[in-house]
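Hi,

Here is the structure I promised to pass on. Have a look at it first, and then read my notes below.

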Amino acid sequence: MTRRFLFVLGSARAEGNSELLARRAAEQLPPDVEQQWIDLTEHPIPDFEDLRHDSDHVRPTEGNLALLLDATLAATDIVIVSPLYWYSLSAQTKRYLDYWSGWLRTPGLDFKATLAGRTLWGVTALAHREEVVADPLIGTLHNSAAYMGMRFGGVLLGNGSKPGDVLNDTEALTRAKTFFTQEAPLARFLYEK
C-alpha cells in the first residue's frame with residue numbers, strides 16, 4: 001500500500017507553531033507519498049454526541065464529518081497536529097478523536113480493523129521549556145493508538161508561543177528532518193509491557 005499521510009490541524013491559529021513544525025517534517029517525506037491536510041478550523045465538526053447505547057450510527061455521506069472519515073480511512077499515517085492547550089490536545093482535535101468512538105460503532109466501516117497496523121503520529125508546540133508537561137497529550141495519542149491496534153510514531157515537540165517562534169527551535173527543526181523516517185512500533189498500553 002502506498003503511504004498516504006493525513007495531517008489533522010487542530011490549532012485555533014492559522015499557520016501556528018505546531019503546523020509550521022509539521023510542515024517542516026512533511027517536507028522530508030518522499031515525493032511519492034501522498035499528503036492531505038485538513039484544518040479543523042476551516043472544516044468544523046459539531047460536538048460529539050455519544051449515542052452508543054441509544055441508536056444506530058449512520059455513516060456520514062456529506063459535509064466535514066464525511067470528509068474527515070473518508071480521509072481517516074484512506075490514510076496509512078495519521079498525524080495529529082495540535083498545540084499543547086492546558087497540557088493536552090486542543091478542543092478541535094479532541095472532538096475529532098471523540099468521533100472515532102462513533103465510527104467504531106458504524107455498521108459496515110470496520111473502523112478499528114481498518115486502522116489496525118496503521119500509524120498515528122503527533123506534532124505539537126508548547127510554550128514551556130520542560131517537555132514533560134506534554135506527557136498528557138502524548139499519553140492520549142499513545143493510548144488511542146494502543147486501543148486501535150495502531151503503530152505509534154511518537155510526538156515531535158517544538159517550543160514556541162508567539163507566531164513563528166518554533167522556527168527558532170533548532171533542535172526541533174533538526175528532529176523534524178528525520179521524524180517520519182523512524183520505525184513506529186506497535187503501540188501497547190503501559191500495563192502490557
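**What I found**

The side chains of Arg59 and Asp70 meet in a salt bridge, 3.0 Å from N to O. That term stands for a side-chain nitrogen of Lys or Arg within 4 Å of a carboxyl oxygen of Asp or Glu. The pair links distant parts of the chain, since Arg59 is in the loop between S2 and H2 while Asp70 is in helix H2, 11 residues apart.

Before I go on, a word on the source. This is a predicted model, in which local features need pLDDT of at least 70 and side-chain atom pairs count only at pLDDT 80 or more, while totals for chains, interfaces and linings use all residues. Residues are numbered from 1 along each chain as its sequence is written, and side-chain values use heavy atoms, with hydrogens and water left out.

The structure holds 7 salt bridges, and here are two others. Asp47 and Arg95 pair up through their side chains, with 3.0 Å from N to O. Asp47 lies in the loop between strand S2 (34-39) and helix H2 (63-74) and Arg95 in helix H3 (residues 91-104), so this pair ties together parts that are 48 residues apart in sequence. Asp47 is exposed at 60% relative accessibility, whereas Arg95 is partly exposed at 23%.

Glu19 forms a salt bridge with Arg23, and their closest N and O atoms are 2.8 Å apart. Both sit in helix H1 (residues 17-26), 4 residues apart, which puts about one helical turn between them. Glu19 counts as buried, at 11% relative accessibility, but Arg23 is partly exposed, at 34%.

Now for the whole chain. Its secondary structure comes to 6 helices and 5 strands; these are DSSP runs numbered from the N terminus (helices: H or I, at least four residues; strands: E, at least two). From the N terminus on, the order is β-α-β-α-β-α-α-β-α-β-α. Along its principal axes, the C-alpha trace spans about 50 × 35 × 30 Å. Of the 193 residues, 48% count as buried.

Methods
Buried means under 20% relative accessible area, exposed over 50%, partly exposed in between (1.4 Å probe, protein chains only).
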